[in-house]
Amino acid sequence: MRTTFSIRRAALVFAAVGALALTGCGGDGDGKKKSGDDSGKGTDSASTVNLPKLDGEKVSVAAVWTGPEQANFTKVLDEFEKRTGADVTFVPAQDPIINFLGTKIAGKQPPDVAMIPQVGAIQQAAAKKWAKPVGPEARAQLGQNYAQVWQDLGAVDGTQYGVYFKAANKSLIWYNAAAFDNAGASEPKTWKDFLTTAETVGASGVTPVSVGGADGWTLTDWFENVYLSQAGPEKYDQLAKHEIPWTDPSVKDALTTLAELFGKPELIAGGADGALQTEFPASVTQTFTGGDQPKGAMVFEGDFVAINIAQTEAKIGTDAKVFPFPAVGADSPVVTGGDAAVALKDSKGAQALLTWLASADAAKIWAEAGGFISPNKGLDLKAYPNEVQRTMAQALIDAGDDVRFDMSDQAPQSFGGTPGAGEWKILQDFLKNPKDIAGTQKKLESEAVKAYKS
């Protein structure tokens with residue numbers, strides 16, 4: 001997921017808390033829940049939401065989450081089972097989720113609910129008549145617990161279809177503290193300082209930046225952070241809606257800036273070819289293994305990086321630290337995103353699950369497990385396991401309606417959310433050949449025109 005909020009304030013907040021410890025998550029990823037399982041942790045005896053009795057009713061939920069994320073979401077579903085008597089099954093999905101859901105619907109086996117990570121995909125699901133409107137009980141929870149912007153992000157033409165359950169801050173640079181110490185490097189505040197820091201780390205014998213280029217979405221996040229900081233929020237909004245073309249000079253400026261990193265293969269672990277073969281989880285783990293001689297000293301991505309760091313021996317706050325994405329323009333950017341629950345069946349179970357996921361009770365379960373930020377303002381911040389996550393969540397809630405969703409997630413999925421196609425593929429090609437800025441712009445505009453017309 002991906003949005004912008006309170007840019008200057010949030011950057012200061014993250015800088016102040018970057019060295020504090022952050023707890024990762026773990027657990028199995030069993031797809032099938034056991035009815036009556038008491039693993040939903042942390043719920044209060046005083047419930048904040050009323051749910052119907054659904055004894056024996058089967059409810060299926062599709063999501064692309066795996067590993068620790070699936071395990072923690074399973075805890076949320078377990079508590080729903082416990083409270084309603086429903087029998088819930090997790091359905092593993094693949095990206096792009098719209099294609100996965102299309103196959104299920106064509107086979108007349110759609111899940112009751114899908115967790116959709118792109119605004120554009122919600123719009124497509126509504127346009128195809130797959131998505132069912134959110135019922136009155138869930139809408140009441142949304143009105144009580146969510147800023148209007150999060151409601152609007154889940155709405156299409158005034159009808160509410162999505163309930164945003166999980167958010168993320170995607171404007172953080174995580175770094176190997178030992179590698180920085182050995183190089184005598186310090187946390188940079190600006191893009192220019194960031195490049196200087198990278199050179200300093202490189203001179204110490206450690207490749208400075210790990211890039212998960214095999215997953216094209218990470219490259220869209222690189223672009224969006226640079227673009228937001230350099231071009232500003234108004235241009236960001238215009239490009240996100242395709243009100244200005246990708247051949248606009250502001251896009252040229254952002255790609256030129258990004259090429260200052262991508263155009264120096266010695267600064268990237270494995271060079272461009274190595275980065276294009278590195279998936280996002282490996283880009284994190286290779287930064288925090290090998291002691292003070294990792295394959296890369298820094299890795300860019302959101303708060304969820306903590307989940308992957310937890311799979312290494314590195315301790316966040318000591319071995320692994322974090323600073324805000326450096327300012328290219330006047331301010332450091334903050335890009336966030338989210339995963340929304342959308343009903344694909346107009347059943348009592350599906351609507352009850354949407355109501356549950358819009359509640360503070362549901363958010364609390366995953367918040368306590370770690371690796372999670374909620375846009376739910378009804379959630380007591382004490383539920384988060386550490387000060388880093390509390391501060392990130394507070395910044396998101398304090399921003400209110402002053403947020404902007406991740407640009408590629410706002411686009412039609414064929415452009416902004418499909419592996420091997422559209423923006424993902426074009427930016428992978430750009431990573432390999434960052435000198436071709438004009439050609440990259442033309443390809444982006446050509447693919448955007450086709451996607452936004454379809």
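**View 1. A cluster of aromatic side chains in the predicted model.** Trp191, Phe194, Trp222, Phe262, Phe300, Phe325 and Phe430 are linked into a cluster by ring pairs, where rings of Phe, Tyr and Trp (for Trp, its six-membered ring) pair if their centres lie within 6.5 Å, with planes under 30 degrees apart counted as stacked, over 60 as edge-to-face and the rest as tilted. The model is predicted, so that local features need pLDDT of at least 70 and side-chain atom pairs count only at pLDDT 80 or more, while totals for chains, interfaces and linings use all residues. Residues are numbered from 1 along each chain as its sequence is written, and side-chain values use heavy atoms, with hydrogens and water left out.

**View 2. The stacked pair of tryptophan 191 and phenylalanine 325.** Searching the whole structure gives 27 aromatic pairs. In the stacked pair of tryptophan 191 and phenylalanine 325, the separation is 6.2 Å centre to centre and the angle between the planes is 20°. Tryptophan 191 belongs to helix α8 (residues 191-203) and phenylalanine 325 to the loop between β11 (320-324) and β12 (336-343), so the pair ties together parts 134 residues apart in sequence; helices (H or I, at least four residues) and strands (E, at least two) are DSSP runs, numbered from the N terminus. Tryptophan 191 is buried, at a relative accessible area of 4%, and phenylalanine 325 is buried at 0%, buried meaning under 20% relative accessible area (1.4 Å probe, protein chains only).

**View 3. Lysine 166 and tryptophan 366.** Lysine 166 lies over the face of tryptophan 366, 5.4 Å from the ring centre, a charge sitting over a ring if NZ of Lys or CZ of Arg is within 6 Å of the ring centre and within 35 degrees of the ring normal.

Conventions:
Buried < 20%, exposed > 50% of the residue type's maximum accessible area, 1.4 Å probe, protein only.
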